[in-house]
Structures are given as C-alpha cells and as structure tokens.
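Biologist: Thanks for sitting down with me over this one. Could you walk me through it, a question at a time?

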Amino acid sequence: RIVYVNGEYLPEEEAKISVFDRGFIFADGIYEVSAVLGGKLVDCEAHLARLERSCGEINLPLPWSRTELVAIHEEMIKRNALDEGGVYLQVTRGAADRDFAFPKDIKPTLVLFTQARNYVNAPTVKTGIKVVTFPDLRWERRDIKSVGLLGQVLAKQYAAEQGANDAWLVEDGVVTEGASATAWIVKGKTLISRPLSNKVLPGITRKAVLAFLAETDFTFEERTFTLEEALDAEEAFITSATAFVMPVTSLDGHTIHNGAPGPTTLRLREIYVDFARKGGVL
Ligand code: PLP
C-alpha cells in the first residue's frame, strides 16, 4: 500500500512518524474515515467539515484547505487503485519534546491510508449484526472525533470475545451510541435516535439518512432510548461511513425482528447505497 505522510506518498514500509508525535504520546489528534465506492469518495465534504470542526474544538489549526485535502484523498485512491473501501485520515498536533501544554511553532502531522473492503455486499447485510452492550467509559467530549479510542477498543474487544460483531455503549441505562456508529431503533414507522450533544459523535451517515426521510413514509423521533426499550424494539440498526445502514438482529442475546433484517432498515440501506454510489452529495 501507498500511504501519505506529511506531503509524501510512500510505500507503507518506508513511512515514518516521530516517537515524539503527540498523536502517539497524548492521542492529541483527530481522524476521519470516508468511504469509497466505484473509486469515488462518499460525502467527503461533510467529513472534512467535521474534521475542521473537531480540530477547531482542540485548537489545532489546519494548514490545508478543503480542496487540498480532497485532492490528497483522490490521489490516494488513484495510487492504491481503490475501488471500494475507506480512506483514513489522521491529523495530530505534531512532534515536540513531551510536555502537556501546546508547544510553540509545532507543525501538524498528516497521515492518510486506504483500506480495501466490501461495504455494499458485506456478508452481515443478509444476517444482521450481533451486538452486545458495554459501559460507556469515554470522556465528556465525544462530539470531537479524537484518536483517543480506548473506550471503543475495550468495548469492541469485549464484543469480539462474546462472539458478537459490535458493541453499543450504555450510560445510566441509556444507549449513547455504537462503539463506532450511530445507534437507532424502529417502532412502527418511527425511527428513534438520540439528539446530538457532547455525548455522541455527530454522524455524517445519520445526517444523510435524515435527509432522505422525506422520500419515505418514515418519521424521526429524536430522543434518547434505554437499553430496555431497544431490547423490545421492532428493528434496530446502526449507521456509519463504513457500515452504511446495517441491521442489528441480536442485542445482548435477545433476538430482534426474529433474527432477520427488518424492512425499514433494508429500505434505508437501499436508499443510502444509491446515494453513496452518486458520491453522496446531499
Ligand atoms: N459514533 C462513533 C463513536 C463513531 O466512531 C462513528 C464513526 O466512526 C459514528 C458514530 C458514525 O459516524 P459517521 O456516520 O460519520 O461514520
């Protein structure tokens, strides 16, 4: 694979980052993941807008324009001949002798790599995913897409050990979100997902799904829901840049929708895939 590091496109074996990089030492950095379908970026502008917002919230000035960042993404897709998969971007405050406060005159580190994956025909689309819950151990600024992901790592490791595909994070009995996705439940024609706040990452896929609702007869109820309510839901699903709209058919060992993906989830997935194939511009 060819990776991008600070202005250079290099074979991954040749790429180097300083031991003193604050991304490595403090998780002082931000990331984004954009999907690629048919060699084209999906909703990249929205991901870059969130990148700018996350960087703003931690006072990390971004020296690259949005146009430059899109061009780097496109060059990475070309150099890696990526048809379907994801582009991961990480920006950190840069490298300096270890000290908590921001060093003066530090230059940010920018890294991109690609991952070839089958998102559209993922095998879990037919079966739905098995989800287990895990305590939400994360900090209070989950709206910032920080590279500090230990809470998610522990949750997903727990899920893997339970033979599940993913984890939902729970705080005071309420589902905050998936470990790397927005969590939704369905009751009749109503989709339920919690409001945006510091407690959750504002999902780009969530926003896209909400924009489509006008094309359907579904309505949206923006509110928190408890684990208890989710266990009793008619359908459940997650949304993310890489899962798209993915049915959840088992939650903490309880079967949802008789263990098969539900019609509402599959309809939303179909609309999302169409949108993503067109580059995902809303
Ligand atoms: N919530 C968390 C914690 C995530 O890590 C992600 C995606 O990585 C999402 C939600 C979904 O966001 P998006 O739809 O922008 O991928």
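This is a predicted model: local features need pLDDT of at least 70, side-chain atom pairs count only at pLDDT 80 or more; totals for chains, interfaces and linings use all residues.

Biologist: In which sense do β7 and β8 pair?

Modeller: Strand β7 covers residues 129-135. Five bridges link β7 with β8, and the sense of the pairing is parallel.

Biologist: What is the handedness of the β-α-β unit that β7, helix α5 and β8 make?

Modeller: Helix α5 spans residues 150-161. Together with β7 and β8, helix α5 makes a β-α-β unit that is right-handed.

Biologist: Which residue in the turn of the β8 and β9 hairpin has a positive phi?

Modeller: β8 and strand β9 (residues 174-178) run antiparallel, joined by four bridges. In β9, Gly-178 is the bridge partner of Trp-168. Two residues lie between the strands of this hairpin, and the one in the turn with a positive phi, about 50 degrees, is Asp-172.

Biologist: Why is β8 largely enclosed by the rest of the structure?

Modeller: The strand has six residues, 166-171. It is largely enclosed because the number of its residues that are buried is five of the six.

Biologist: And the ligand: which element gives the most to the shell around it?

Modeller: The residues around the ligand include Glu-177, Arg-206 and Ser-240. Elements that give two or more residues to this shell are α6 (204-212) and β13 (235-240). By class, the shell has four nonpolar, six polar and two charged residues. With three residues, the element that gives the most is α6.

Technical notes
Residues are numbered from 1 along each chain as its sequence is written. A residue is near a molecule or strand if its C-beta atom, placed from the backbone, lies within 6 Å of it. Ala, Val, Leu, Ile, Met, Phe, Trp, Tyr, Cys and Pro count as nonpolar, Asp, Glu, Lys and Arg as charged, and the others, Gly among them, as polar. A residue is buried if 20 or more other C-beta atoms lie within 10 Å of its own, exposed if 12 or fewer, and partly exposed in between; C-beta atoms are placed from the backbone. Two strands pair if DSSP finds at least two bridges between them. A crossover is right-handed if, with the strands pointing away from the viewer, the path from the first strand over the helix to the second runs clockwise.
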